[in-house]
Structure formats: structure tokens, C-alpha cells
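Please look at the sequence and the structure below before reading on.

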Amino acid sequence: MEYNFTDIEKKAKDKWAKEEVYKVSNDSDKPKCYILDMFPYPSGAGLHVGHPLGYIASDIYARYKRLCGYNVLHPMGFDAFGLPAEQYAIETGQHPAVTTEKNIARYREQLDNIGFCYDWSRAVRTSDPSYYKWTQWIFLQLFHSWYDRKANKAKPIKELVAIFEKEGNGNIPSPGNDALRFDSVQWKDYSEKEQRDILMQYRLAYQGYAQVWWCEALGTVLANDEVVNGVSERGGHPVERKNMRQWFLRITEFADRLLTSLDILEWSEAMKEMQRNWIGKSNGAEVKFDLSSGEVSLTVFTTRPDTIFGVDFMVLAPEHELVDSITTPEQNKAIQDYKTYVKSRSERERMSEVKQVTGCFTGAYAIHPFTQKQVPVWISEYVLAGYGTGAIMGVPSGDERDHAFAKHFNISITNIFGSRYTGEEAYSSKTDIIENSDFLSGLSIPDATEAAINKLEDLDAGKRKVNFRLRDAGFSRQRYWGEPFPIIYVDDIPYGNDEPIIHNNHDLGKLPVELPHVDSYSPGPEGQGPLANIQDWVETEAGERETNTMPGYAGSSWYFLRYMDPHNDNEFASRKAIDYWNQVDLYIGGTEHAVGHLLYSRMWTKALCDLGYIGFDEPFKKLLNQGMIQGQSYFAKHITATNKNGVSHNFFISYQNSEKETINWNGENYTIKKNIPFSNFRIRYAHLFVDTKDRITRKSLKEIFEIEHVNPKNIEDNLMDFIWDGITEDGEQYIQCKLEVEKMSKSKYNVVNPDDIVAQYGADTFRMYEMFLGPLDASKPWDTKGIEGVHRFLKKMWRLYADEQTGWIVNNEPATDAELRILHKTLRKISEDIERFSFNTSVSQFMIAVNELSTLGCHKRAILEPLAIAICPFAPHMAEELWQQLGPDSYRDGSVTQSTFPQYEERYVTESAKMYPVAVNGKTRIEMEFPLDAEPATIEKEVLADETIQKWLEGKTPKKFIYVKGKMINVVV
RNA sequence: GCCCUGGUGGCGGAAUUGGUAGACGCGCAGGACUUAAAAUCCUGUUUGCCGUAAGGCGAGUACGGGUUCAAUUCCCGUCUGGGGCACCA
């Protein structure tokens with residue numbers, strides 16, 4: 001009876017489906033455990049072998065926890081709104097709902113193939129109206145909330161209105177407009193529009209302005225992704241930055257809490273560090289510089305107020321609101337030209353360009369608050385409008401970029417660091433003494449910082465300020481395939497559709513606001529989204545609908561809550577279910593979500609917690625990052641060569657042979673053209689055809705062309721251009737390729753589909769091989785060749801239970817000590833490894849156990865039954881079959897997936913003696929065995945008496961004797 | 001450019017807390033079984049030198065330094081691969 005994985009896996013899957021073994025109840029006496037995978041976006045390309053890596057890991061952990069007696073919630077769903085589906089719709093005319101449905105069905109099929117233990121009855125998809133109903137509802141809660149800085153929590157906006165009616169906003173400055181001041185009388189006198197405009201400056205979901213990529217030719221707004229090398233990806237049209245009215249989430253109000261509560265999370269330090277850097281808290285000061293023209297002043301933010309006497313110029317962001325008004329007539333043309341240039345530049349380019357300094361003088365001068373010195377005011381792209389105040393003070397002797405700027409524009413540099421500033425580069429040490437700085441001279445940097453801020457505050461020329469790099473999150477997209485906003489404009493004032501003015505007398509209050517069908521995905525007028533084209537939908541009895549849609553991260557910011565109670569039509573999830581499942585205990589996903597999704601969902605969780613809907617303010621207690629599985633691509637060289645008549649021809653040639661001078665082709669000599677860049681030629685799908693020496697034979701390349709449906713007549717022509725410069729042992733012509741490891745992607749022709757692997761080797765082999773490739777968090781290349789080893793291991797394990805000829809061979813003989821030792825060592829290692837998510841070493845341990853049990857010829861139930869359960873998290877299908885066969889009459893009630901993980905017993909594992917490596921001066925010379933409870937003195941005596949050790953001591957007296965119990969012995973001479 | 005992260009045999013990787021570097025697997029080489037193949041099993045496989053052999057000596061975890069009785073592990077510097085950088089998800 002051989003290991004027939006196809007039958008075994010089908011049988012197990014049918015059983016699990018029939019008995020609904022993965023159905024999870026919200027009512028249980030068992031302790032709960034919530035294990036979650038990051039939401040996949042169902043792309044048209046389907047899953048490749050890299051995607052399931054994290055899913056397999058969480059599946060193993062979930063199955064293990066179930067076997068250990070936990071009630072485990074392990075759901076899966078789809079992040080189904082997004083740009084690629086819309087892009088595809090624009091190209092093919094197919095409705096995103098149709099293609100998304102198709103893609104989800106494909107994903108589901110591929111996932112099922114691998115044998116995950118998801119409770120599919122809880123699946124959600126963000127594009128489902130019954131789901132986005134609640135995304136819209138949460139948006140409305142944010143819209144109707146503000147952030148109380150004193151209480152440090154989000155509160156209903158009604159409470160804020162009550163305060164305004166009583167005392168105005170004297171105690172509650174607006175986060176959106178610091179200068180805004182009014183008292184209760186003024187508030188009551190304001191019109192409805194004025195009041196709503198003010199409230200907008202407090203709401204957690206609010207409207208403001210942001211820059212977007214605008215493409216005039218396409219008449220639409222483009223995502224960063226769609227802008228390549230400064231032009232639109234589609235069509236290559238010019239693009240520029242354009243200011244547009246947008247929805248935002250006021251995540252900046254949560255900045256401090258998002259920062260401090262990182263400390264209690266079990267995330268990798270790297271991940272926390274990335275979030276900390278993203279939030280970017282910095283202490284410093286705001287400094288006010290009056291302009292020499294007198295009317296206005298500039299406010300800058302600086303983290304180095306101690307360097308204020310080193311200020312030689314000021315720089316404003318080109319978008320700064322004062323630029324036009326302060327620019328002198330003589331400089332106006334230059335400034336406008338420069339601003340046009342900056343419009344074409346992405347933020348990334350602006351920040352990363354260090355070699356080429358650009359900027360423009362406004363003609364204005366600012367007055368130094370201490371020295372009254374006049375300093376020129378410039379604009380430059382390296383200052384960003386969104387950070388700090390959008391203006392900086394230039395201190396060239398202490399800041400590299402300021403230094404480069406001053407050098408480039410010949411601005412004279414004030415030295416405040418004495419001899420430590422060389423004149424060649426800025427002196428940016430943060431632990432030093434300030435010089436040449438009036439009352440700050442001689443002070444250390446921290447002291448000078450304090451003194452400078454105090455003086456600024458005395459003079460009313462500045463104040464202490466904490467600044468965050470974090471910016472409010474843009475929440476509008478001028479797109480079709482996303483959640484519509486539950487917002488209606490009445491006389492240009494936005495109202496939530498749950499407000500009386502909207503739903504009184506109108507049937508407009510209900511959620512969800514369904515995404516209407518469209519026939520065309522072309523943009524609306526003036527950069528609006530496609531929804532703006534549907535007049536019938538936009539115009540309502542109450543007013544006009546918002547035509548933007550929400551961004552991709554809206555639905556994924558709260559989906560982990562919906563899984564707890566996915567069919568609830570009255571609430572986003574019942575409080576009982578939320579209290580029971582609570583935080584996600586383990587969250588597995590890629591690092592690419594480090595600062596996007598993971599930050600937004602933390603904010604949403606905090607807001608929902610503050611508003612009293614949930615009882616915890618951090619969504620993901622423990623977070624693990626899986627690495628990427630990369631693809632293998634093979635390259636030949638593409639060269640140009642010329643014959644004696646000057647006729648040139650392009651060839652493909654073995655990678656290393658492109659250095660040759662001449663080649664022979666069709667009986668003629670060709671000279672390889674040097675000094676033209678040799679390009680790499682990607683051989684498509686080569687990973688399926690290369691031999692073990694990275695060679696492609698003429699024969700196998702022909703097969704590739706056949707797969708790619710090249711016209712058979714052309715295959716021979718195509719093969720003509722290859723210079724077959726090698727002959728294999730079997731007499732095949734070949735070309736030597738170069739292997740490169742890169743991202744697995746359809747466009748790189750290097751993807752491996754898990755379906756193919758499962759068909760060939762079975763899901764159990766696939767699961768174990770993915771884990772065996774290496775540590776979960778490491779990136780590593782996929783290599784199908786290595787899977788044989790894992791497959792052989794499963795077959796070998798199978799043979800412990802069944803003989804190919806005689807069938808089941810498990811017996812009831814008592815197990816020997818040696819066999820029990822192997823079993824319990826394995827159980828211990830597996831349990832420990834699973835708890836620390838080291839699945840690759842678990843697989844190794846199973847291999848070791850099976851090798852050893854095979855050598856001992858062990859077919860005993862006492863050993864093999866626990867072993868079958870132990871491998872269940874990894875190879876559940878095989879485990880099910882083995883466990884069933886071990887049952888009383890070859891069929892048990894229930895499933896191995898619901899049995900109990902065997903506990904290891906210490907008594908079978910402990911050893912009494914240890915073979916110690918004995919080293920002299922750190923170099924291991926011999927091994928000696930000692931009992932673990934031996935006296936150190938005895939050991940020392942015996943070691944020093946040993947012949948080999950004596951030889952290495954060369955008669956010298958040992959200086960030191962090091963004995964680490966259970967580890968090693970070292971004699972120092 | 002900035003932030004995060006990695007670099008160990010021909011390849012994927014192991015070494016869990018500073019304690020025998022290379023477990024386990026692939027590949028490769030040789031062998032057994034077989035008419036043959038598949039499957040399976042056995043042996044060897046970091047590298048240099050010495051030795052017929054058993055074995056012995058030395059080097060070695062990207063590179064250069066340092067701390068330590070002891071460094072793949074800790075510290076400093078350099079090179080280099082990957083991820084992110086706010087509208088891809």
C-alpha cells in the first residue's frame with residue numbers, strides 16, 4: 001500500500017467538510033485564541049507559491065493550538081476593493097465586480113487546495129454591501145467625533161458643540177487651525193455654514209486640501225504607482241501636482257498614543273522602530289522671524305534651537321502660502337518658474353536628491369530675533385510643505401543639506417562650532433559645545449537648547465514645540481471601485497446621511513450607501529471620480545452626494561472585528577463577541593504593511609475604543625512578519641556582432657561568453673561589437689527547464705516556445721539566434737545561463753503556481769516544504785528541485801505505518817526506551833519550535849525521528865499514534881488517514897484535527913551524562929564523557945590528567961580551568 | 001537620500017542564552033538491489049596541507065578592526081542583497 005496522496009487528501013478534505021470540523025463557535029468553555037492572516041487582495045494573477053507562506057505558518061499554529069485545547073478563531077477573507085481591478089476595467093471594459101468575483105473564486109480554490117483550517121462561514125469581503133455598510137458606519141462615527149486632548153481620547157462632536165455654546169473654543173484650540181478663536185456669543189451668531197466649517201476643523205474625519213498627481217491628458221488623478229519617471233504609466237503623458245479638496249482622517253491626534261502603546265505590543269523591534277520613525281516625534285521649537293518688509297512674519301520649526309546664531313538664510317517650501325506675497329517684483333518670474341519645476345517633482349525625488357541643489361531667492365529678508373541681522377528668504381524643493389511649518393531656518397555650519405545649499409548659492413556661512421567646523425562639511429554632532437553665539441556660547445547643546453527656547457519665549461519670538469512627522473491620512477480617492485461616502489452636500493455643506501437634515505422627510509438615511517453600477521470608468525469633470533458622471537445618483541432630494549470613494553485601507557482597517565460576528569446586521573459586531581475574542585493574539589503578514597495598514601488599523605481601534613464600541617485599544621497583540629519567497633530568473637546575454645561584410649546581427653549567447661571577441665554563426669565569423677552595453681536577456685519560464693548546472697538546452701528551449709504558443713513555424717527561426725556554445729554529456733546543445741533571484745511576478749515569467757506543486761506532490765508535501773525552506777521571517781528563493789526531499793520524507797514516514805505489499809503493519813508491541821526517547825525528544829522539539837515559530841527546524845526534527853525509527857524498524861502503535869497527531873499541524877491530510885487507520889475499526893468518530901497533542905515526558909528525554917568537547921586555549925582537542933552531576937574538581941583533575949590534554953599543555957601550568965555544565969570545557973594556558 | 005533588514009559549503013539552511021560551525025534537506029560522486037528502469041537503501045561531500053590508511057595539522061560564517069578563556073552570535077567601520085518612504089495592496 002503506497003502513499004497515494006491524491007486519494008488521501010481528497011478523502012480527508014471531504015471528511016472535514018462533511019463534519020464541519022473547522023466551524024468555530026463564539027460559545028466555548030475553552031480558552032480563546034485569535035490567529036489572523038493579513039487580508040489578501042485577490043489579484044488577477046492568482047496565488048503564487050510565495051503568498052501562502054504566512055498562511056501555512058498561521059495554519060500550523062492554529063491547528064497546534066486547537067490540539068492543545070484552545071477555541072481558535074482562524075478566519076480568512078478578501079480585501080476586494082482596489083485600484084488594479086479598476087485599472088483592468090478601464091483596459092478591458094469588464095466590471096470590477098465581475099473580475100473581483102472571478103479572482104476571489106480562483107483564490108478560494110487555490111487556498112482550499114492547500115488544506116487550510118479556515119472557518120469559511122466567517123469569510124468577509126470588503127466590497128460586499130453588507131460589509132461596507134459598517135465601513136461607512138465607522139466613517140460616520142469618526143466624522144461625528146473630535147479629539148479631546150485633555151482627556152486624551154476621541155469623543156462625540158455633540159459634546160464639543162455643547163462646550164462651544166457654553167464657553168467658545170478658548171480652552172480647546174483647533175487641531176486644524178491653531179489661530180481660530182471665538183467665544184460662546186460668537187459661536188451662537190455664526191451661521192450654520194460657519195459653524196459646520198469650524199466643526200470640520202475638529203472632526204476626526206474631515207475635509208482639507210492635499211496634493212495629488214494630476215494628468216491633464218487623461219483628465220484624471222493618478223496614484224503614485226501609476227506615475228513612472230515623471231509621466232503617466234498609461235500613455236506616458238505629463239503629470240503635475242495639483243491641490244484638491246479631500247477627506248482626511250485626523251490620525252495625528254493619536255500620534256502620541258500610537259507611539260507610546262507600541263511598547264506593550266509583542267512586535268519585532270524592527271517593526272516598532274519603523275512605526276516610531278514614521279510617527280517621527282521630535283522636540284524642538286517654533287521660531288518666529290519677522291520680515292524686513294514688516295507686514296508678516298515667518299514661523300519655522302527647528303529641532304536645533306541651540307544653533308539659532310548660525311542662521312544664514314531661511315528656506316520656505318515652494319508651496320508655502322506666503323511665497324507669492326513676500327516675493328519681490330524683480331524675483332517674481334524666477335520664483336514662478338521654479339514653482340512650475342517643483343510641481344513636476346515627486347516628494348521622493350525632492351527628498352532624495354542631494355547632489356543637485358536647487359532653489360530660488362524670493363527677494364525678501366527676515367530679521368533674526370536675537371541679532372536683528374537680515375537673512376535672505378529662499379524657496380527650495382528640499383523643504384516640504386507638509387512637515388513642521390513648511391519653513392526652516394538654514395544653519396549651514398551645522399546641517400549638511402543647509403551647508404550644500406549655502407555653498408551652491410554662495411551664501412556666507414556663520415561658524416558656531418569653532419575649529420570643529422572645517423568649512424568643508426557641516427558639523428552635525430549632537431553632543432558638543434556651542435560657540436560664537438552670544439548668550440549661548442560655551443553651553444552644551446542640551447543646555448543651549450533650553451536657554452534658547454526660554455529666551456525665545458521671553459521675547460515672544462517662539463515657543464517650545466513637539467512636532468510629529470506623521471501626517472493626517474488622505475481618505476479620498478477619485479475612483480470608482482471603493483466604498484462610497486455616506487455624505488450628502490446641502491448648500492455645499494457636507495452632512496453625514498445619519499443626520500436629520502438628510503433623513504428627515506427623505507429615504508436617504510439608510511446604510512449602506514450602495515455603489516451604483518456604471519458603464520464607463522472614465523473620470524468625472526475636473527478630476528472627480530467616475531461616480532460624478534451618474535447624475536441620477538449624485539442628485540438626491542436632500543442634496544448632492546459625495547462622489548469620491550474611500551481608499552483601499554478603509555475596509556482593512558477594521559476587518560479583524562467583523563470576523564468575530566460576520567453576519568450581524570444590527571452592529572458591526574456584537575459587544576459580546578468582541579469581548580470574547582478580544583485582541584488578535586497572533587497576526588502574520590508582510591513587512592510591506594509596516595506603516596500603512598498597521599498604523600491605520602491601530603488608529604481605528606483606538607477611536608472605536610474611545611467611543612465605547614470595543615474594550616481594547618490595540619488590535620494586534622503579537623505580530624510576525626513573513627519573508628518573501630522570491631523567484632528564480634535565468635539570463636543569457638544579448639549581443640550584437642558584425643561579419644566581414646559589415647552586416648550586423650543580434651545573438652543570444654552564454655552569459656560568460658559575451659566577453660569573447662568573435663563567434664561563428666552559419667559558417668561565418670562575426671566580430672562581437674564592444675563598447676555597446678550588453679543587455680541581459682531573460683529566458684522566460686526558464687526555472688521550469690534549466691538543468692542542475694543552470695544550462696538551457698536547445699531542446700528544452702524549444703519546449704518553452706511551444707508552451708508560449710509561438711507559431712511552430714517560427715520556433716526554429718527563434719532558435720537560430722542562439723549561439724549554442726556548449727554540448728551536454730547527452731550530446732544536447734546548450735547555452736549557459738546566469739541565475740538571478742528576484743521578486744516572483746507574472747511580468748518576470750518566474751512564477752510557480754501552488755496548484756501545480758500540489759498536483760504533483762500533494763498539499764502535505766507543499767506545506768512542509770514551504771516551511772522547510774527556511775525561517776518564516778527570512779526571504780528566500782523558491783527552488784522546486786528541493787521539494788523531492790520533503791516528499792521522500794513523507795513517503796518514508798508512511799512506510800513506518802504501511803508496507804507497499806502487505807498493507808498496514810502497525811503492531812501493539814511495547815516500545816523500547818530508545819524508541820520512546822526518539823518520540824519524546826521529537827515531541828519536545830516540535831512543541832518548542834512551534835511556540836517560537838521555528839517551523840523549518842520542526843520539519844528537520846520529524847525527518848530525524850523518521851530516519852531513526854526506520855533504522856530501528858519500529859512499527860509500534862505506542863510510538864506511531866502520538867507521532868501521527870504531532871505531524872497533524874504540518875501534514876494534516878496524511879495525519880488524518882494514519883489516525884483513522886490506527887482507530888479500532890479503521891474509522892473513528894471525529895477527526896485527528898480535534899484530538900489532543902501528545903505531551904512529552906521529561907523522564908524519557910533526560911540524560912545522565914554528556915560528551916564534553918575539551919578545548920585548550922579555545923581550540924577543541926578531544927571529547928570526554930562526564931556525568932552531568934559530576935563535581936567540577938573531579939572533572940578538572942581527570943581532564944588535566946588526560947594524555948592528549950597533557951600533550952597540548954606542553955608542560956605549562958594551566959592558568960584557568962573553565963567548565964560550563966552541559967556545554968563545554970576549556971583549559972587556558 | 002532617509003528608515004528597517006539580511007549576508008554561513010555548489011544550493012536552501014542549522015547552531016534557541018557568547019560555548020564542538022555546517023544539523024536536516026537538495027545537488028553531486030561512488031556503490032547495492034534490478035534483465036533494465038523507477039522506487040528504495042548504503043557510503044562520501046567546507047577547504048588547504050601531511051598520510052597507503054586510521055588519522056593528524058591549519059584556515060574558515062561578506063570584508064577590515066576590536067572586546068573575551070571562548071564570537072556566526074557583542075561593539076566600531078566598509079562593501080553588498082532585499083523591503084518601505086504616505087494614492088499599489
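## Basis of the description

This is a predicted model, in which local features need pLDDT of at least 70 and side-chain atom pairs count only at pLDDT 80 or more, while totals for chains, interfaces and linings use all residues. Residues are numbered from 1 along each chain as its sequence is written, chains are lettered from A and ligands numbered from 1 in the order in which they are written, and side-chain values use heavy atoms, with hydrogens and water left out.

## Overall make-up

Chain A contains 33 helices and 39 strands. Both are DSSP runs numbered from the N terminus: helices are H or I with at least four residues, and strands are E with at least two. Along the principal axes, the C-alpha atoms of chain A fill a box of roughly 95 × 85 × 80 Å.

Of the 973 residues in chain A, 53% are buried. Buried means under 20% relative accessible area, exposed means over 50%, and partly exposed lies in between, with a 1.4 Å probe and protein chains only. The accessible surface of chain A is about 44,000 Å², and carbon and sulfur atoms hold 48% of that surface. Accessible areas come from the Shrake-Rupley method with a 1.4 Å probe; for residues, only the protein chains shown count as cover.

Among the contacts in chain A with a separation of 6 or more, 70% are between residues 24 or more positions apart. A contact means heavy atoms within 4.5 Å. Chain A carries 111 positive and 140 negative charges, and their mean positions are 3 Å apart. Lys and Arg count as positive and Asp and Glu as negative, while His and the chain ends are not counted. Each charge is placed at NZ of Lys, CZ of Arg, CG of Asp or CD of Glu.

## Domains

The domain assignment of chain A gives domain 1 (31-125 + 553-625), domain 2 (139-260 + 475-545), domain 3 (281-468), domain 4 (629-742), domain 5 (754-908) and domain 6 (911-972). Such bounds come from an automatic or database domain assignment. Taken over C-alpha atoms, the centres of domain 3 and domain 6 are 66 Å apart.

## Nonpolar cores

In soluble globular proteins, nonpolar side chains tend to be buried together. A nonpolar core is here a set of buried Ala, Val, Leu, Ile, Met, Phe, Trp, Tyr and Cys residues joined through side-chain atoms within 4.5 Å. The largest nonpolar core has 89 residues, and Met768, Ile871 and Phe874 have the most contacts inside it. Helix H2 (residues 52-67) gives the largest share of this core, nine residues. Domain 1 (31-125 + 553-625) and domain 5 (754-908) each supply at least three residues to this core.

What does phenylalanine 874 contact, leaving aside its neighbours within four places in sequence? The list is Ile60, Asp764, Arg767, Met768, Ile830, Ile834, Phe839, Ser842, Val843 and Phe846. A second, separate core has 84 residues, including Phe485, Leu515, Ile578 and Tyr587.

## Backbone details in loops

Leucine 511 and proline 512 are joined by a cis peptide bond with omega about 0°. Proline 512 is in the loop between helix H16 (500-503) and helix H17 (535-538).

Asparagine 229, a residue other than glycine, has a positive phi near 50°. This asparagine 229 lies in the loop between strand S7 (227-228) and strand S8 (231-232) and is exposed, at 75% relative accessibility. Aspartate 460 is not a glycine either, yet has a positive phi of about 60°. Aspartate 460 sits in the loop between helix H15 (445-458) and strand S16 (462-468), and its relative accessible area of 57% makes it exposed.

## Three further residues

Is glycine 589 buried or exposed? Glycine 589 counts as buried because its relative accessibility is 3%. Glycine 589 belongs to strand S21 (residues 586-589) and, apart from neighbours within four places in sequence, contacts Met38, Leu624, Asn625 and Gln626.

Alanine 17 is part of helix H1 (residues 5-19) and is exposed, with a relative accessible area of 55%. Leucine 773 lies in the loop between helix H25 (763-772) and strand S33 (780-781). With a relative accessible area of 22%, leucine 773 is partly exposed. Not counting residues up to four places away in sequence, leucine 773 touches Ile629, Lys780, Pro781 and Trp782.
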